Amino acid sequence: MKDVYTLADLENWPAATAGESVPLRVAVLGDPVRHSASPPMHNAALEERDIPARYCRLHIRPDELSEAFQRLKAADFIGVNCTIPHKLGALPAMDEVDEQAVRIGAVNTVALRDGRLHGFNTDGPGLVRALRAEFSVDLRDLRVMILGAGGGAGRAIAVQCALEGCERLVLVNRTVEKARLLATELAPYFTSNRVLGPVDRLEPVPWENAALRHQLENVDLIINATSVGLRSGDPSPLPASLLLPHLMVYDTIYTARRTSLLRAAEAAGARGANGLSMLLYQGAASFEIWFDREAPVAAMRAALLAHVRQPVG
Ligand code: ATR
């Protein structure tokens with residue numbers, strides 16, 4: 001299997017994949033896509049479940065996306081994941097879109113069934129399962145603060161929090177206007193007048209230490225959905241001095257085992273986990289959509305860990 005295939009390969013898929021003993025019928029579409037950890041994770045699952053299909057990377061540029069979907073049908077694909085920058089662009093190309101994906105406005109999983117494209121988004125459900133695995137908690141029971149609520153990942157998480165009816169949702173974004181717009185959109189989900197004391201159930205909050213300090217006393221879980229932490233020298237998006245021991249801190253970044261934010265959480269006596277579990281469970285949820293059977297999570301986790309080989313950090 002090549003590291004990366006292209007639209008030109010898809011034009012004649014049998015020829016491009018002639019050397020494969022098992023047909024390549026699942027893929028991730030991205031630009032760039034070479035870094036994607038999805039192939040080792042899904043191929044471990046396909047092997048574990050004895051499914052005669054393999055998963056590969058497809059480098060598809062934005063202007064190639066709709067043609068790529070037509071070719072995927074002709075090449076008899078079972079399903080694909082969409083990653084950057086295709087999560088938004090895939091949505092209008094679908095024949096049917098699951099309600100969750102409509103609300104998020106993005107598709108990360110496509111199932112090809114009888115020549116039709118069905119769009120889903122498993123990022124939110126993946127987070128719910130990850131939080132259960134990491135902290136033994138349910139998202140719906142929590143007061144949640146999302147850092148980077150204005151980005152794509154933050155939006156998907158915020159919509160999931162709204163759909164779950166979480167206790168409280170605090171939307172933080174460097175550009176606060178984006179958090180305000182999202183709060184307006186999600187307001188209908190937070191209309192019940194649960195008594196929570198001196199704070200609202202849904203609040204957009206500017207990225208300022210005084211405002212954050214006040215909010216953190218009324219929050220159980222912080223989720224970092226910003227890109228801060230992706231590079232090894234990045235600072236923590238929140239200083240340790242703001243963090244409190246009762247908090248759970250989930251960093252969606254998984255390129256380091258312990259990001260600066262997770263080190264700050266530990267220094268404050270708070271619990272923390274990185275984003276590998278979200279990657280794992282969004283993949284498990286995609287697998288379950290495509291193959292209608294339980295995903296072999298242990299095999300997928302082992303393959304992911306071997307692939308990512310996280311620096312100790
Ligand atoms: P996406 O494609 O998901 O929108 P992005 O543009 O990289 O990704 O932004 C992701 C999030 O990280 C955004 O919420 C962004 O904040 P802005 O909306 O204000 O741009 C946030 N982000 C990126 N760098 C940041 C930084 N240095 N401090 C705080 N937030 C940051």
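Student: Which pocket does the ligand take up?
Tutor: The ligand takes the space of the largest pocket. Keep in mind that this is a predicted model.

Student: Which residues come nearest to the ligand?
Tutor: There are 13 residues around the ligand, and Gly152, Asn173, Arg174, Thr175 and Lys178 come nearest.

Student: How many of the shell residues are nonpolar, polar or charged?
Tutor: The shell around the ligand has eight polar residues, three nonpolar ones and two charged ones.

Student: What about asparagine 173, how far is its polar side-chain atom from the ligand oxygen?
Tutor: That distance is 2.7 Å for asparagine 173. For arginine 174, an N or O atom of the side chain is 2.8 Å from an oxygen atom of the ligand. Threonine 175 has a polar side-chain atom 2.5 Å from a ligand oxygen atom.

Student: And how much of the ligand's accessible area does the protein cover?
Tutor: On its own the ligand has 620 Å² of accessible area, and the protein covers 62% of that.

Student: Changing topic. How many disulfides are there in the whole structure?
Tutor: A search of the whole structure finds zero. Take cysteine 82: the nearest cysteine sulfur belongs to cysteine 56 and is 13 Å away.

Student: Is cysteine 82 buried or exposed?
Tutor: Cysteine 82 is buried, with a relative accessible area of 3%.

Key
Residues are numbered from 1 along each chain as its sequence is written. This is a predicted model: local features need pLDDT of at least 70, side-chain atom pairs count only at pLDDT 80 or more; totals for chains, interfaces and linings use all residues. Side-chain values use heavy atoms; hydrogens and water are left out. A residue is near a molecule or strand if one of its heavy atoms lies within 4 Å of it. A polar contact is a pair of N or O atoms within 3.5 Å; within protein, one must be able to donate a hydrogen and the other to accept it, and residues adjacent in sequence count only if both atoms are side-chain atoms. Accessible areas come from the Shrake-Rupley method with a 1.4 Å probe; for residues, only the protein chains shown count as cover. On a 1 Å grid over the protein atoms alone, a cavity is a set of points where a 1.4 Å probe fits but cannot get out, and a pocket is an open set with protein on both sides within 12 Å along at least five of seven lines; lining residues have an atom within 4 Å of a point. A molecule sits in a cavity or pocket if more than half of its atoms lie within 2 Å of its grid points. Ala, Val, Leu, Ile, Met, Phe, Trp, Tyr, Cys and Pro count as nonpolar, Asp, Glu, Lys and Arg as charged, and the others, Gly among them, as polar. A disulfide is a pair of cysteine sulfur atoms within 2.5 Å. Buried means under 20% relative accessible area, exposed over 50%, partly exposed in between (1.4 Å probe, protein chains only).
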